[in-house]
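Open the model in your viewer and keep the selection panel at hand. The stops below go one selection at a time.

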Amino acid sequence: MPRTTPLMIYIVPGKCDFCGCCVGVCPEDAIELLESEIKIIDERCTNCRKCVWACPWEVLEFHKEGIGQLPKEVSLPQALPPSF
Ligand code: SF4
Ligand code: SF4
């Protein structure tokens with residue numbers, strides 16, 4: 001069933017170590033783990049939070065107001081300083 005709420009899972013830029021724990025627990029197969037990037041497939045995610053609880057590095061955050069409501073300086077990766 002399609003989700004009627006906004007996407008509530010935010011990926012904190014630059015923190016993921018690509019361990020794959022979140023991918024393993026997602027019941028909707030909504031997390032795409034690439035070589036140097038992680039993505040949530042918006043249409044599939046149900047905001048169940050299992051990935052948030054599974055991540056050992058607190059990369060994934062739950063925001064009940066929806067990630068579209070986050071301040072732009074937080075939600076835009078390019079606003080962060082380069083990691084290296
Ligand atoms: S909130 Fe649930 S459905 Fe969405 S990506 Fe995380 S584990 Fe998958
Ligand atoms: S569990 Fe956390 S650190 Fe591991 S791949 Fe997922 S988001 Fe990245």
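A residue is buried if 20 or more other C-beta atoms lie within 10 Å of its own, exposed if 12 or fewer, and partly exposed in between, with C-beta atoms placed from the backbone. This is a predicted model, where local features need pLDDT of at least 70, side-chain atom pairs count only at pLDDT 80 or more, and totals for chains, interfaces and linings use all residues. Residues are numbered from 1 along each chain as its sequence is written, while chains are lettered from A and ligands numbered from 1 in the order in which they are written.

**Whole chain.** Colour by secondary structure. Helices (H or I, at least four residues) and strands (E, at least two) are DSSP runs, numbered from the N terminus. Of the 84 residues, 14% count as buried.

**Asn47.** Select the loop between strand E3 (38–40) and helix H2 (50–54); Asn47 is in it. Its phi is positive, about 60 degrees, although Asn47 is not a glycine. Most residues other than glycine have a negative phi. Is Asn47 buried, exposed or partly exposed? Asn47 is partly exposed, because 17 other C-beta atoms lie within 10 Å.

**Glu43.** Stay in the loop between E3 and H2, where Glu43 also lies. Glu43 has 10 other C-beta atoms within 10 Å, so it is exposed.

**Glu58.** Move to the loop between H2 and strand E4 (60–62), which holds Glu58. Here too phi is positive in a residue other than glycine, near 55 degrees. Glu58 counts as exposed, because it has 9 C-beta neighbours inside 10 Å.

**Nonpolar core.** Such a core is a set of buried Ala, Val, Leu, Ile, Met, Phe, Trp, Tyr and Cys residues joined through C-beta atoms within 7 Å. The largest has 12 residues, among them Met8, Ile11, Cys22, Ile31, Cys55 and Leu60. Strand E1 (9–11) and E3 each supply at least two residues of this core. Centre on Ile11. Leaving out residues up to four places away in sequence, Ile11 touches Ile38, Ile40, Val59 and Leu60; contact means C-beta atoms, placed from the backbone, within 7 Å.

**Ligand 1.** Last stop. Which residues are closest to ligand 1? They are Cys26, Cys45, Cys48, Lys50 and Cys51, out of 14 that surround ligand 1 (C-beta atom, placed from the backbone, within 6 Å).

Terms used:
Two residues are in contact if their C-beta atoms, placed from the backbone, lie within 7 Å.
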